[in-house]
Amino acid sequence: MKENLEIELNKQISEFGKDSRIKECFHFEKKLCSDKIISAHSIQNNKVLNLLESEVNGNLKVLSFLYLKHNKFGKVISLKPIGKKSASTFFGFCNYHDTNIFKEIENNEIDLNNDKHCFLLSYRAFAKDYHAKKETLKGYKKNKFYSITHKLLGLNLAEGSEIGLRDSSFVKKRLNKIFEKKQFDELYYLTYELDYLIPIALSGSFNPNYSYKGKKLNKSSDINIIYEFVNFVIHPTTSGKTLIILSCLPEHEKSVLFLDELDELKTLKFEKAVSSLAIAYIENTFISPILWEKLGVIGQETLLNEIENTNPMNRGQYKGFFHSEINFFDLKFKKTAPNTV
Ligand SMILES: [Zn+2]
């Protein structure tokens, strides 16, 4: 990409961001909402992103699977270091709800045996994804590039987004109902704990195309078929653990099967499968520049190729579960926890 093309592309991305901006609280108790919708963190800023940041050219940075550097041919050549303050935020909660509903997981060590903790992390992961879907749809309708210059493309993309949002809206209602009833054990959970810290964090929700054993799940062009969700969180802790949470609605049979097949895997296969999902499905994934360094040149190239090959435009080429060559949970990527020094 020539320099002016790159500038033009960045300008378009920035305009799309402005045109698609929505500020709206995800929580059900609207009468308690404060007027101010804040830039809420989908991943804990002070506790989790702190564990990931390290120096790049004298500044503390983290790396994300969303911010990519391209060469002049449009090929991904690196991850762009970003500051943790702007990382992983979205305008999806009002000040009151963001402060109050997540208090319990902000102020306490996360306990995977506590369904409320697992629910709150899943709820926030889904809210982030739901908000992004709603914003993208607004962008396709409002942004000049899609509504005027490339109208047909815009209409097609908007149509796909409407269907995605329809399926998400159902899950939003269900999650808010569970929250209202405080029946946190109603979600179907698969949790996993490593007793060491890996500097990777993510929070998101996705529609798996295939189960681990290769059963086709969410991969249909029939608009009457509802896509099912899996909420996904990787959460390193200051006490030196790495927590993995996957969850879904119990009536979503495809998602339940997806989690059950993962649950049957032995340690190494499970960790590799989770690494593969982080690469293939979640842009809201962050790693430490230290982990990036440890990947080495070949590992870095592998990661960049895998991110590119599994983006939504290219993912269709895989006729089964995508297997990454990288295992982020390998002990070589371990980081010493601050509380144990
Ligand atoms: Zn609110």
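**Notes on the predicted chain**

1. Now the inside: 51% of the chain's 341 residues count as buried.

2. If you're tracing the fold, you'll find ten helices and ten strands in the protein chain. Its radius of gyration is 19 Å, close to the 20 Å that the globule rule gives for 341 residues, so the chain is as compact as a globular protein of that length. Along the principal axes, the C-alpha atoms fill a box of roughly 55 × 50 × 45 Å.

3. How far apart in sequence are the residues that touch? Taking contacts between residues at least 6 apart in sequence, 75% join residues at least 24 apart.

4. Then the cysteines. A disulfide is a covalent bond between the sulfur atoms of two cysteines. The cut-off here is a pair of cysteine sulfur atoms within 2.5 Å, and by this rule the count is zero disulfides. Take Cys248, which is in no disulfide: the nearest cysteine sulfur belongs to Cys118 and is 13 Å away.

5. Are Cys248 and Cys94 buried or exposed? Cys248 has a relative accessible area of 1%, so it counts as buried. Cys94 is buried too, with a relative accessible area of 0%.

Definitions and conventions
Residues numbered from 1 in each chain as written. Predicted model: local features only at pLDDT ≥ 70, side-chain atom pairs only at ≥ 80, totals over all residues. Heavy atoms only, no water. Buried < 20%, exposed > 50% of the residue type's maximum accessible area, 1.4 Å probe, protein only. Helix = DSSP H or I, 4+ residues; strand = E, 2+ residues; numbered from the N terminus. Rg over C-alpha atoms; globule rule 2.2 N^0.38 Å. Contact = heavy atoms within 4.5 Å.
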